[in-house]
Amino acid sequence: MKSLSLGLLFIALGVSRTLAAEPPAITLQVDTEEGKKVLVATVTDAGKPVENAKVAFFVRRTFGALALGAEVTLDDGTAAVPFPVTLPGDERGRLQISAELANRPKDAAPVRVTALFDGGVPFRAESQTAPRALWSSRAPFILLINIAVLVGLVWAAFAYVVIQLNGIRKERAPVPDAATAFPTAQPTPPETKTSP
Amino acid sequence: MPASESVSAPSIPPELLATLQLPPNRLHRGMLLVFSLATLAGLIAYAHQLRAGLAATAMNNYFSWGIYIINFVFFIGISMAGSLISAVLRLTGAPWRHPITRLAEMVTVVALLIAGAMIIADMGRPDRFYFLFLYGRWQSPILWDVLSLTTYLTGSIIFLYASCVPDLALLRDQGRVFAPWRHRLYRVLALGWHGTAAQRERLRRATGTIAIVIIPVAVSIHTVTAWLFGMTLRPGWHSTIIGPDFVAGALYSGVAAVITLMWIVRHTFRLGQHLQADHFRRLGWLLVVLCATYAYFIVNENMAPGYTGDGSEEKLLFSLFHGAYAAKFWTMIGIGLVLPGALLLLPLTRNINGIAAASVFVNIGMWLKRYIIVVPTQSSPLLPVDLTPLTLSPPTSPALTVPSALASVVHGPGQTIAYVPTITEWAITAAAFGAFALIYYAFARFVPIVAVSEGEEPALAHHAASEGGGK
């Protein structure tokens, strides 16, 4: 019974230590080494540098994250990769860079830092409208002209026919009297014989 | 105009007047009941489809087109011959055309109305038709098709109406033999026609112009319908001859439809003295020529892809000749080409009933041909599909495995790409044919199904001259 109580105490202490343990921290900055810009990630655990930790660097692209490289931290907890100066950024040339601690346990929360840095190629969005093409939202002129001419000619002919039909109404003869309009409806007058 | 110079209007032959006046007899009432029930069933099915969406049909992500498009192409096909026959016969001055032209023009107008309805049924939501005009892309063959269909429908209505004007005037002048509303309608539609020289000249210009214009428009509607298929990169559809192929098929089925309608009108309205054996024989010979022409196109459309043996084309041809669609394909060849050809060529069957029977076979065969065009291609997708046969239980239970005969059209677990129309689709199809018959019957009861005025031009001229209206 005593040994069981002691065991439970050790387990409780272990759990509390585990719950209280802070994950490693990672910071990211841009530095210059030998005249070249580099991305420097610093990994610390409880304020102390972590050595031999693998850090992966990414840059945000339109459809995902592009890997820039991965390095192992030195004794001062830093890992560095060249800054991607040739990559296009936003309109000011800013790049969204992430550094993440690799080889983390499967169920552990990721240790990652993300920051915006100047230094990429500024992206100049060209105010170019979509070309006229079969695939674009604007039809080619030649197609529109063909459709307009063909359909226009046919409908012009229809209009001509309708005008002619309307002309029939205008060319009507004088309105016939009732006897002519309804020949079958009028009572036939009794035939009268006249003597010569 | 002195009253003494007036003469009574030219008379309409009593047998034609009877088609407009007499109440429906027992045969007519029976036909009307059947067609009304078919139409009603289709309307109920369409209401169900509106509520449930296109899930009420057998269409799916492989079969974006089904029986509605088959019906659409079929009705567009029979619409082509109506105006075309009438226009060509009118322009060539064929003297035997008179009893046929009105009947053929009506086929065009009614068939186009039904074809348009089929497009709306296929869209699922009818408001999409409205959106087509609002947001349609000029590059899309679907917009071209809607544009050519509305143009052809408009032209065909004008063509039919223009040729009806003198007859409407005759009906107007029949006096009170019709109900007042009907007489008023005849009076409005007759445009004050009295057959004066100036009016005849106007009508000659109108009918002459529309008869010329309607021919290329009729060709264009079926060519553009063919492009709906041909502009895709699908086996069996993407072909340079698909336009003329569809036009030939449309003429073939259209002439057959006109002959079929001629036979029905001849018997239901007892118009044997107008629709004579000679008319059937002449159109029968035209049908023979079109039968040979269409057979030539069928050889062409299968010869080149069969010879080159391109993967997807070869697979499609195999399914047509030996596979899942072989029964329908060979039935189409048999009753759509061989049997009608024999009936039309053999002296024994080259009579009214034989020619009419051949036309009915052509119509059935050409509906099957539209099925052959629409369905098998969609069951031969270009993108690879999992060819694992569909199993309804673990593979160890062979009793519930899909039979091997079906395996060729079943691709992927839980996913069948065979197309079997649902009851909803069949009901709407029945309604299409029922509505065609009802609208056609209504037309035939409103204006003489056989044009009177064309056959009595001298009488009309005399009528006008005697009225002193000539200019």
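This is a predicted model: local features need pLDDT of at least 70, side-chain atom pairs count only at pLDDT 80 or more; totals for chains, interfaces and linings use all residues.
Local features here need pLDDT of at least 70 and side-chain atom pairs count only at pLDDT 80 or more, while totals for chains, interfaces and linings use all residues. Residues are numbered from 1 along each chain as its sequence is written, chains are lettered from A in the order in which they are written, and side-chain values use heavy atoms, with hydrogens and water left out.

**Stop 1: the domains of chain B**

Colour 25-231 + 420-459 of chain B as domain 1 and 235-379 as domain 2; these bounds come from an automatic or database domain assignment. Their C-alpha centres lie 21 Å apart. Where they meet, 43 residues of domain 1 are in contact (heavy atoms within 4.5 Å) with 35 residues of domain 2.

**Stop 2: the largest pocket**

Now select B:L261, B:I264, B:F433, B:F436 and B:A437, which are the closest to the centre of the largest pocket among its 29 lining residues. A pocket here is an open set of points on a 1 Å grid over the protein atoms alone, where a 1.4 Å probe fits, with protein on both sides within 12 Å along at least five of seven lines; lining residues have an atom within 4 Å of a point. The volume, the space filled by probe spheres set on the points, is about 640 Å³. Both domains of chain B give residues to the lining, so the pocket lies between them. Show helix 15 of chain B as well: it gives the largest share of the lining, 8 residues. Helices are DSSP runs (H or I, at least four residues) numbered from the N terminus. By class, the lining has 24 nonpolar, 5 polar and no charged residues, with Gly counted as polar and Asp, Glu, Lys and Arg as charged.

**Stop 3: the second largest pocket**

The second largest pocket has a volume of about 470 Å³. Select A:L150, A:V151, B:S148, B:S220 and B:V224, the closest to its centre of 18 lining residues. Helix 2 (141-170) of chain A gives two or more residues to this lining, as do helix 6 (141-172) and helix 8 (197-230) of chain B.

**Stop 4: a helix crossing**

Finally, show residues 98-123 (helix 4) and 127-135 (helix 5) of chain B, whose axes come within 8 Å and cross at roughly 100 degrees. Axes are lines fitted to C-alpha atoms over the stretch in contact, with angles from 0 to 180 degrees between N-to-C directions. The two helices are therefore roughly perpendicular, a term for angles of 65 to 115 degrees. B:I119, B:I120 and B:M123 of helix 4 make the contact with B:R128, B:F129 and B:L132 of helix 5.

Conventions:
Angles under 35 degrees count as roughly parallel, over 145 as roughly antiparallel, 65 to 115 as roughly perpendicular and the rest as oblique.
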